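Please walk through the structure below with attention to its backbone, its aromatic rings and its pocket.

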Amino acid sequence: MSKVGVSHASWDTYRDIEISFKVNGKEVKVKVKPYERLIDVLRNKLGLVSVKGGCGRGECGACVVIMNGKLIPTCLTLAVRADGSEVLTLEGIAPEGKLHAIQKALLDTYAMQCGFCFPGVIMTSKYLLDKNPNPSEDEIKEVLDGNLCRCGSYLRFVKAVKLASKYINEGKIFFDESEVMR
Amino acid sequence: MFRFDVYIPRDLRDALEALRIYGEEMLPIGGGTDLLVLYRQGLVKFKTLLDLWPLRSNLSYVKLEGGLVRLGALTTVEELESSELLKDKRFAGLKDACRTFATTFIRSLATVGGNVGVAHPLSDIAITLLTYDASVRLRSLDGERVIPLKNFYLDKRKTVKKPEELITEVFFSEPPNNASSVFAKLDRRVGHGMGYVAVGVYAELDNRLVKEVRIAFDSIGRPFPERALRTEDSLRGKELSEDNINRAIYEVLPKEMSRINDYRASAEYRIYLSQVLLKRALLEVGRRIGGE
């Protein structure tokens, strides 16, 4: 690992550090700056713009992704920490042309207004349903309490997660676009 | 706006060496949920960050060994919450503190060592650890120091930890079977709640008689978590009855506590809230020990 211990001799803030990690199942290699956050790399270098920059200080939950099975705010994570990890963003939760049960459930419950918080809400819901496919209403509220939605769709998120849990328990994880209400 | 270098250490020794070489221009970063926010606001300056995450393979653990409960400094709040140890009712207060700690995604980054080390009043884990009379283990190239948590803080964001030292562990002795704890806080909303007031209570009861009680608040007067020693004294050796609790919270606590006015709450309200939360916590700890 060449990046280990490299900076003993210099203050080179502009040096590049090469990291490799798995994003949505694909192995990527990317050069990052030491000060870059994971959100900068995912959005600007890998084009994964579902990762939204909201507050930039871990308060709004718009930028969360699942990294090694943990839900993390990418605005508070140094990009170098992603080295060797496995990252899942909204782009990777369903195959091309399909929607995940959570996405379908959010549409079914008319939860979307402006949609800026959605990537975060969907990733948080996925994290919850991966751990616990049958969450109670309280558990849903507890896990989603960090995702701010200024349109105020909170109650619909709870409904949607319950619906998604129903879909998933029926074995319906992915939906074709044609099955989704327009 | 973000401009700094990052040093990725090989192991703990390498990290300690780097701290010595870089001196005060280097700051260690654990979860970063506090440090990077302060940096954004321009409240903290450094040239290089020492990324502690690679040290997690050795410094992230929750164990009970030889009568000591040991928490690795880089254990995240989520790992602590889901640990086997916290299923035990003797650690119920730690469980409360983890469950109400910020949000799901902050809990997966924030560490025990970080929470103890930031020396901020609103450090839920540190408040609870104070009630367990925990100690902090500090490592530097010169060796190891153990500081009781109650002597660890000097002021807001100031501790006795030297810049070349790292917190490696927080530990406390295993509580007896007749012990339990509670952590309670109140804020306008539950999610992201920091608490206008936060309180931790640990107690050992012998047939309703208070054998030992330790009470810690986010602040007693100075801006960091501290124990309410006189309130503890007034309860020790007595029965955990509503009368004794009322006497402690109405007669003793206000004498040793002073609170601040700020945009979040007035001092008067904070003292009132401290009394209410302490009473609830004491009653709850009695119920928990009784197995109710």
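**Loops, rings and a pocket**

B:Arg208 is found in the loop that joins S12 to strand S13 (209-217) of chain B. The model is a predicted one. Although B:Arg208 is not a glycine, its phi is positive, at about 70°. Its relative accessibility is 39%, so B:Arg208 counts as partly exposed.

A positive phi also occurs in chain A, where A:Tyr110, a residue other than glycine, has a value near 55°. A:Tyr110 belongs to the loop between helix H2 (101-108) and H3 of chain A. With a relative accessible area of 56%, A:Tyr110 is exposed. H3 of chain A, which spans residues 118-131, contains A:Ser125. A:Ser125 is buried, because its relative accessible area of 2% falls under the 20% limit. Leaving aside residues up to four places away in sequence, A:Ser125 touches A:Ile102, A:Leu144 and A:Val161.

In chain B, helix H8 (residues 124-131) is mostly covered, with eight of its eight residues buried. These buried residues of H8(B) are B:Asp124, B:Ile125, B:Ala126, B:Ile127, B:Thr128, B:Leu129, B:Leu130 and B:Thr131. After H8(B) comes B:Asp133, with a positive phi near 55°.

The aromatic rings come next. A pair of aromatic rings is described by the distance of the centres and the angle of the planes. Rings pair if their centres lie within 6.5 Å, and by this rule there are 16 aromatic pairs over all chains. In one of them, B:Phe2 and B:Phe4, the ring centres are 5.9 Å apart and the planes stand at 50°, so the pair is tilted. B:Phe2 is buried at 8% relative accessibility, and B:Phe4 is buried at 0%. In the pair of B:Tyr196 and B:Tyr269, the centres are 6.1 Å apart and the planes are at 65°, so this pair is edge-to-face. The pair links distant parts of the chain, 73 residues apart: B:Tyr196 lies in the loop between strand S11 (179-186) and strand S12 (197-206) of chain B, and B:Tyr269 lies in helix H11 (residues 267-289) of chain B. B:Tyr196 counts as buried, at 8% relative accessibility, whereas B:Tyr269 is partly exposed, with a relative accessible area of 35%. Ring pairs also join B:Phe2 and B:Phe4 with B:Tyr39 and B:Phe46 in a cluster.

Which residue has its charged end over the ring of B:Tyr61? It is B:Lys63, whose charged end sits 4.5 Å from the centre of that ring. B:Tyr61 is placed in the loop between helix H3 (56-59) and strand S4 (62-65) of chain B. The relative accessible area of B:Tyr61 is 16%, so B:Tyr61 is buried. Not counting residues up to four places away in sequence, B:Tyr61 touches B:Arg70, B:Leu71, B:Gly72, B:Thr75, B:Thr168 and B:Glu169. From B:Tyr61 to B:Arg247 the separation is 186 residues in sequence and 41 Å in space, C-alpha to C-alpha.

A charge over a ring is also found at B:Trp53, where B:Arg56 lies over the face at 4.8 Å from the ring centre. B:Pro54 is located in the loop between strand S3 (48-51) and H3 of chain B. B:Pro54 is partly exposed, with a relative accessible area of 32%. Its contacts, not counting residues up to four places away in sequence, are B:Ile8 and B:Pro9. B:Pro54 and B:Ser234 are 180 residues apart in sequence, and their C-alpha atoms are 46 Å apart in space.

By type, the lining of the second largest pocket divides into 13 nonpolar, four polar and 12 charged residues.

Methods:
Residues are numbered from 1 along each chain as its sequence is written. Chains are lettered from A and ligands numbered from 1 in the order in which they are written. This is a predicted model: local features need pLDDT of at least 70, side-chain atom pairs count only at pLDDT 80 or more; totals for chains, interfaces and linings use all residues. Side-chain values use heavy atoms; hydrogens and water are left out. Rings of Phe, Tyr and Trp (its six-membered ring) pair if their centres lie within 6.5 Å; planes under 30 degrees apart count as stacked, over 60 as edge-to-face and the rest as tilted. Buried means under 20% relative accessible area, exposed over 50%, partly exposed in between (1.4 Å probe, protein chains only). Helices (H or I, at least four residues) and strands (E, at least two) are DSSP runs, numbered from the N terminus. A charge sits over a ring if NZ of Lys or CZ of Arg is within 6 Å of the ring centre and within 35 degrees of the ring normal. Ala, Val, Leu, Ile, Met, Phe, Trp, Tyr, Cys and Pro count as nonpolar, Asp, Glu, Lys and Arg as charged, and the others, Gly among them, as polar. Contact means heavy atoms within 4.5 Å.
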